[in-house]
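This report describes a protein chain through its charged pairs, its rings and its helices. Look through the sequence and the model first, then read on.

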Amino acid sequence: MNTPLTRRRFFAIAALTAAGAAAPFLLNRNRPAPLPTTGEPVIWKGIALGSGAELRLFGVDRKEAEILVNKVLAEVARLEKIFSLYREDSLINRLNKEGRLNNPPPDFLALLSICRDIHALTDGAFDPTVQVLWNLYADHFRRNPRAETPPSEPDIRRTLKLVGFKHVVFDQKAILFEQKGMGLSLNGIAQGYITDKITALLQQHGIRQALVDMGEIRGFDTDNQRTWNVGIRNPQNEEATLLTIPIQNQAFATSGGYGTVMDEAGKFTHLFDPRTGTATPRYRSVSVMAPTAAVADAFSTAFSIMDEAAIRTAARAKQAKVWLVMPDNRIETLA
């Protein structure tokens, strides 16, 4: 199982066009935030999915926002019980332990269906069954913390026999692994999926404009008036921004190998190639803008190990736009 690791925030909300600053909205009743003025958001900041989270809600007062935030946190907690590898009692951990999960909830099936789609579009570069590779690398560097080489080729070949999303069978009756010893990780897409679910929840409760950041970003405005600016951070300097990108009714996600490394030197990362077992991405970081956060999240993971021609083909299929930070820190933009 993965141990909890702090995920670096590769992107930052750089600014809000057509929106003024607002005081933070806190759930601390001893320090009530002032009511927002017209056009300003109520802002909530906290922790969700093990990292910093933020909501910017427009068109509500503090009391309405507090009710909505509580609903959001309840929804996040419900989904974490399904997808989180950090919770011993989660359904994904039960599946990984037993190799079968009977009567899976609709959200589990929905996310696996998205995974199947992205797996096909990326020719297998996106594959949630890489959990066994994580375990192999984590164990290798735990036993050899100063090692400068990956696990042995025989160990990698043996582990790759347990990698392959085609061996995950799922329907309303059950999710099961066709091979004993397989493991599923949805860390490359679950934050995006949950961001989409929170977006839908807010829209169902009448919110017309909001920015949702649950590890991945999605901004929406029913009236198509508000634009959000997000910044791609410099992998060599977290305080610096390489590029600022406007988004409108879109989601945005970034993956970079330097965010979670397996070894002390930072040579091997959490971005595994499920086809070869290697753990060294092609790019310093990959940012994706797409209509949904689940797609942006999954693409940013898969594109880290794909060549540019393959990235263009997959991105076009989902109307996504891509920014690659190259090894020399140049940015390549792929429409």
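## Salt bridges

The structure holds 16 salt bridges. A salt bridge here is a side-chain nitrogen of Lys or Arg within 4 Å of a carboxyl oxygen of Asp or Glu. Side chains of opposite charge can pair when their charged atoms come close. This is a predicted model, in which local features need pLDDT of at least 70 and side-chain atom pairs count only at pLDDT 80 or more, while totals for chains, interfaces and linings use all residues. Residues are numbered from 1 along each chain as its sequence is written, and side-chain values use heavy atoms, with hydrogens and water left out.

Helices (H or I, at least four residues) and strands (E, at least two) are DSSP runs, numbered from the N terminus. Are Glu66 and Arg62 buried or exposed? Buried means under 20% relative accessible area, exposed over 50%, and partly exposed in between, with a 1.4 Å probe and protein chains only. Glu66 has a relative accessible area of 11%, so Glu66 is buried. Arg62 is at 16% relative accessibility and therefore also counts as buried.

Arg208 forms a salt bridge with Asp223, and their closest N and O atoms are 2.6 Å apart. Arg208 lies in the loop between helix H6 (190–204) and strand E8 (209–213), and Asp223 in the loop between strand E9 (217–221) and strand E10 (228–234), so the pair ties together parts that are 15 residues apart in sequence. Arg208 counts as partly exposed because its relative accessibility is 43%. Asp223, with a relative accessible area of 36%, is partly exposed.

A salt bridge also links Asp273 and Arg275, with the closest N and O atoms 3.1 Å apart. Asp273 is buried, because its relative accessible area is 10%. Arg275 is at 41% relative accessibility, so Arg275 counts as partly exposed.

## Aromatic rings

How many aromatic pairs does the structure hold? There are eight aromatic pairs. Rings of Phe, Tyr and Trp (its six-membered ring) pair if their centres lie within 6.5 Å; planes under 30 degrees apart count as stacked, over 60 as edge-to-face and the rest as tilted. Phe83 and Phe108 form an edge-to-face pair, 5.7 Å centre to centre with 80 degrees between the planes. Phe83 lies in helix H1 and Phe108 in helix H3 (residues 106–121), so this pair ties together parts that are 25 residues apart in sequence. Phe83 and Phe108 are both buried. The rings of Phe165 and Phe170 have centres 6.4 Å apart and planes at 45 degrees, so that pair is tilted. Phe165 and Phe170 are buried as well. Phe83, Phe108 and Tyr193 form one aromatic cluster.

Arg226 lies over the face of Phe58, at 3.9 Å from the ring centre. Arg226 also lies over the face of Trp228, at 6.0 Å from the ring centre. A charge sits over a ring if NZ of Lys or CZ of Arg is within 6 Å of the ring centre and within 35 degrees of the ring normal.

Helix H4 (residues 131–143) has 13 residues, and at 1.5 Å a residue they should span 18 Å; the end C-alpha atoms are 18 Å apart, which agrees. The expected span is 1.5 Å times one less than the number of residues. Several residues of H4 are buried, including Val132, Leu133 and Trp134. Helix H5 (153–160) is part of what covers the buried residues of H4.

Gly181 is found in the loop between strand E7 (174–177) and H6. Gly181 counts as partly exposed because its relative accessibility is 46%. Leaving aside neighbours within four places in sequence, Gly181 is in contact (heavy atoms within 4.5 Å) with Val132 and Leu162.

## The whole chain

The secondary structure of the protein chain comes to eight helices and 15 strands. Buried residues make up 53% of its 335 residues. Among contacts between residues at least 6 apart in sequence, 63% join residues at least 24 apart.
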